Amino acid sequence: MSSKKIDFLLPAEVAAGATSGILLGDFNNWDSESGVALKPQKDGSLKASVSLQSGSYEYRYLLNDGRWVNDTQAAKYSYISQFEIENCVIEVTADIAKEAPKTTAPKAVKAKVVAETIVETPSADDLVKIEGIGKKIAELIVAEGITTFAALAKTSLKTLQAILDKAGKRFNIHNPETWPKQAKLAAAGEWEKLQKLQDQLNSGKIK
């Protein structure tokens, strides 16, 4: 079975200053010794290339600053309840090439196969629109690979609290309990319902 070269690219805003790391997943049995090295690009992003056969693979990035981060370009995510994390998922499909008639074909020049990304990079959302999230907290969340309302809605309270605790006393006093609920409404475009919820939060009716 033929394999296909896939480029994995971690944007600079997610790498957040990390200069290297490894790509781990089903394709290398999540073995750090077999991890695929991430190479820094001029724009601050990190890139790795892997030849994969057709199929479905889960993966994540482990950066040299100790962070595990997700791919914002992933086609979908798989929630692992045991560890309360989400793995990225990529679906690799086989290319079906049509062979030209040998009697009429000119001397062939083999074309290079360029790996295509499965989906376009989702645009980052303004997380400050969530009541309780200021600019600095938004930067902390984005640094962990959570860049959209949809991603925030799926993030557990334990994970959010861990992000705040890691940032120190200035941030761990904040309560992230309503952030996923607000983010779910924002992701669905339910702005009126979100405003109503935020009004209740500001009035103290919901704590």
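Predicted model: local features only at pLDDT ≥ 70, side-chain atom pairs only at ≥ 80, totals over all residues.
Leucine 201 counts as buried, at 16% relative accessibility. Buried here means under 20% relative accessible area, exposed means over 50%, and partly exposed lies in between (1.4 Å probe, protein chains only). Leucine 201 sits in helix α6.

Residues are numbered from 1 along each chain as its sequence is written, and side-chain values use heavy atoms, with hydrogens and water left out.

Now the overall layout. The protein chain has six helices and eight strands. Both are DSSP runs numbered from the N terminus: helices are H or I with at least four residues, strands are E with at least two. In sequence order the pattern is β-α-β-β-β-β-β-β-β-α-α-α-α-α. Of the 207 residues, 34% are buried. The chain exposes about 13,200 Å², and carbon and sulfur atoms supply 52% of that. Accessible areas come from the Shrake-Rupley method with a 1.4 Å probe; for residues, only the protein chains shown count as cover. Contact means heavy atoms within 4.5 Å. Among contacts with a separation of 6 or more, 61% are between residues 24 or more positions apart.

Turn to the helices. Helix α5 spans residues 179-187, and its buried residues are Trp179, Pro180, Gln182, Ala183, Leu185 and Ala186. An α-helix has 3.6 residues a turn, so residues three or four places apart point the same way. The buried residues of α5 pack against α2 (135-143), α3 (149-153), α4 (157-167) and α6 (191-203). After α5 comes glycine 189, with a positive phi near 75°.

One of the residues in α4 is leucine 157. Leucine 157 is partly exposed, with a relative accessible area of 40%. Beyond its neighbours within four places in sequence, leucine 157 contacts Pro176, Glu177 and Pro180. Leucine 157 and proline 180 are 23 residues apart in sequence, and their C-alpha atoms are 7.9 Å apart.

Next, the aromatic rings. Rings of Phe, Tyr and Trp (its six-membered ring) pair if their centres lie within 6.5 Å; planes under 30 degrees apart count as stacked, over 60 as edge-to-face and the rest as tilted. By this rule there are five aromatic pairs. One of them joins phenylalanine 27 and tyrosine 57, a tilted pair with 6.1 Å between centres and 55° between planes. This pair links distant parts of the chain, 30 residues apart: phenylalanine 27 is in the loop between β2 (21-25) and β3 (36-40), and tyrosine 57 is in strand β5 (residues 55-63). Tyrosine 57 is buried, at 15% relative accessible area.

Another pair is edge-to-face: phenylalanine 149 and tryptophan 191, with centres 6.1 Å apart and planes at 75°. Phenylalanine 149 lies in helix α3 and tryptophan 191 in helix α6, so this pair ties together parts that are 42 residues apart in sequence. Phenylalanine 149 is buried, with a relative accessible area of 5%. Tryptophan 191 is partly exposed, at 41%. Elsewhere, Phe8, Phe27, Tyr57, Tyr59 and Tyr61 form one aromatic cluster.

Then the open space. A pocket is an open set of points on a 1 Å grid over the protein atoms alone, where a 1.4 Å probe fits and protein lies on both sides within 12 Å along at least five of seven lines; lining residues have an atom within 4 Å of a point. The largest pocket holds about 760 Å³ of space. Grid points are joined across faces, edges and corners, and the volume is the space filled by probe spheres set on the points. The lining has 32 residues, and the closest to the pocket centre are Arg60, Asn70, Glu144, Ile146 and Thr159. Elements giving two or more residues to this lining are β7 (76-80), β8 (85-92), α3 and α4. Helix α4 gives the largest share, five residues. By type, the lining divides into 14 nonpolar, eight polar and ten charged residues. Ala, Val, Leu, Ile, Met, Phe, Trp, Tyr, Cys and Pro count as nonpolar, Asp, Glu, Lys and Arg as charged, and the others, Gly among them, as polar.

Last, two loop residues. Alanine 16, in the loop between α1 (12-15) and β2, has a positive phi near 50°. Tryptophan 30, in the loop between β2 and β3, has a positive phi near 55°.
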